[in-house]
Amino acid sequence: MTKLKKINYKDILDKFNMAQLTEICRRYDFRGYSKFKKSQMVDFINNSIFEKDTFEKIVISMNNHLTECMRNDVYAVNGTENMEYIQIVRNSFGCLDNKTNEILIAADIKQEFKNIFTPDFEEKYNFFRSIITYCRALTELWGIVPYEKIIEIYNSQNNGNITQSDLDFAIECSKYAIDCYYIPQDNYKRIVSESLFVNDGDVEKLVSAQQNKPYYIPDKKQLIHYSDDMYFDKTPFCHDMSVFLCEYANLEKNIADELTDEVALMARMNCNYQDIIYYLEQYHIVFDQSDINKFFRIYMGIYNNSRIWENRGYTPLELNALYTKGSVPVTSKKIGRNDPCPCGSGKKYKRCCGQLN
């Protein structure tokens, strides 16, 4: 790292084309720029970004690692040094010098970070970051999260008293984050995983599948783990799958682990079984009949112990146990053998939890 090179935010904006400048305006919800020429656009963004309310929201949208990078005295780093500085470039606060392969960070932006990070602001930052963490974690766990549940769970686990106004501000700040994976739907008073907007109708399908099911709510320590979008509960079946793939396809352990993680993710998303087979075929893994049965048994172990969005975070085995014990009220008097299984697997009851009973 070096402290020698300095560049201001306007200098960085000058390096961008009109499409990139327009994207910055959209990300930060700036208005009234449609008829600007490039020089006017650069001045407009440069002035808008330093407005106090806007700048504070951008800072709150950043995680602790990013804010530490912005508050230190480093203005240039190697372009491949770490992900935090690459994310600063994605935030438009830095740019890559192609000649030196260094990331140059806007000195006036860093100075503004230092100016606003008073002890009082740091307390505000930590408070709203904690709310954003709950939003991220619950979205990863359930897919769709009502505003009222965020407030309820946050307050119960933190002896807090956050209000709808606090949540609204936290969600407004998180819109500026480059690593925000949920989208607010104010008309429905909920946040929704952005992955549910890839295919038309997926949100409505999940709402229907979740109907009348309870919410799985882990304790605070466990819940916070889910704020990492790469986190999931690894069961012994994941180990079994990795070993199986190593032996069957003669894979290196790290490759088998990566494929297992992807299969586990697809299980959480309740993907079609044929889609999983097709995914593995892309890596030239094709099963014969005896091995596909072994694969299926291990996969079902992963699936039955995965926290499924359609079950509002419960695993199929957990939800089946709740239904069996009568802890969850069943809307119909009896589940028909050919009815969809209430565990959310998408299979008929007789082919799924009905066999366990």
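This is a predicted model: local features need pLDDT of at least 70, side-chain atom pairs count only at pLDDT 80 or more; totals for chains, interfaces and linings use all residues.
**View 1. Helices H4 and H10 pack against each other.**
Two packed helices are described by the angle between their axes and the distance between the axes. Helix H4 covers residues 52–61, and helix H10 covers residues 164–174. Their packing angle is about 85 degrees. Their axes lie 8 Å apart. Angles of 65 to 115 degrees count as roughly perpendicular, so H4 and H10 are roughly perpendicular to each other. From H4, the contact uses Lys57, Ile60 and Ser61. From H10, Phe169, Glu172 and Cys173 take part. By class, the residues of this contact are three nonpolar, one polar and two charged.

**View 2. The largest pocket holds about 530 Å³ of space.**
Rolling a probe the size of a water molecule over the atoms shows where empty space is left. The largest pocket is lined by 19 residues. Closest to its centre are Asp229, Glu262, Leu265, Arg268 and Met269. Which helix gives the most to the lining? Helix H14, residues 253–268, does, with six residues. The lining of the largest pocket has nine nonpolar residues and eight charged ones. Two polar residues are also part of this lining.

**View 3. Strands E1, E3 and E2 form an open sheet.**
Strands of a sheet pair through backbone hydrogen bonds, either parallel or antiparallel. Here the order is E1-E3-E2, and the pairing is antiparallel. Strand E1 (76–78) and strand E2 (94–97) are the edge strands. Each of these two pairs on one side only. From one strand to the next, the twist averages 25 degrees. Strand E3 spans residues 102–105. Four bridges join E2 to E3, and these two strands run antiparallel. Which residue of E3 is the bridge partner of Gly94? The partner is Ile105.

**View 4. Strands E4, E6 and E5 form an open sheet.**
Three strands make up this sheet, in the order E4-E6-E5. Their pairing is antiparallel. Strand E4 (144–146) and strand E5 (182–185) stand at the edges. Each has a single partner strand, so one side of each is left without a neighbour in the sheet. Neighbouring strands of this sheet are turned by 20 degrees against each other on average, direction ignored. Strand E6 spans residues 190–193. E5 and E6 run antiparallel and are joined by four bridges. In one of these pairings, Tyr182 has Ser193 of E6 as its bridge partner.

Conventions
Residues are numbered from 1 along each chain as its sequence is written. Side-chain values use heavy atoms; hydrogens and water are left out. Axes are lines fitted to C-alpha atoms, for helices over the stretch in contact, and angles run from 0 to 180 degrees between N-to-C directions. Angles under 35 degrees count as roughly parallel, over 145 as roughly antiparallel, 65 to 115 as roughly perpendicular and the rest as oblique. Contact means heavy atoms within 4.5 Å. Ala, Val, Leu, Ile, Met, Phe, Trp, Tyr, Cys and Pro count as nonpolar, Asp, Glu, Lys and Arg as charged, and the others, Gly among them, as polar. On a 1 Å grid over the protein atoms alone, a cavity is a set of points where a 1.4 Å probe fits but cannot get out, and a pocket is an open set with protein on both sides within 12 Å along at least five of seven lines; lining residues have an atom within 4 Å of a point. Grid points are joined across faces, edges and corners, and a volume is the space filled by probe spheres set on the points. Two strands pair if DSSP finds at least two bridges between them.
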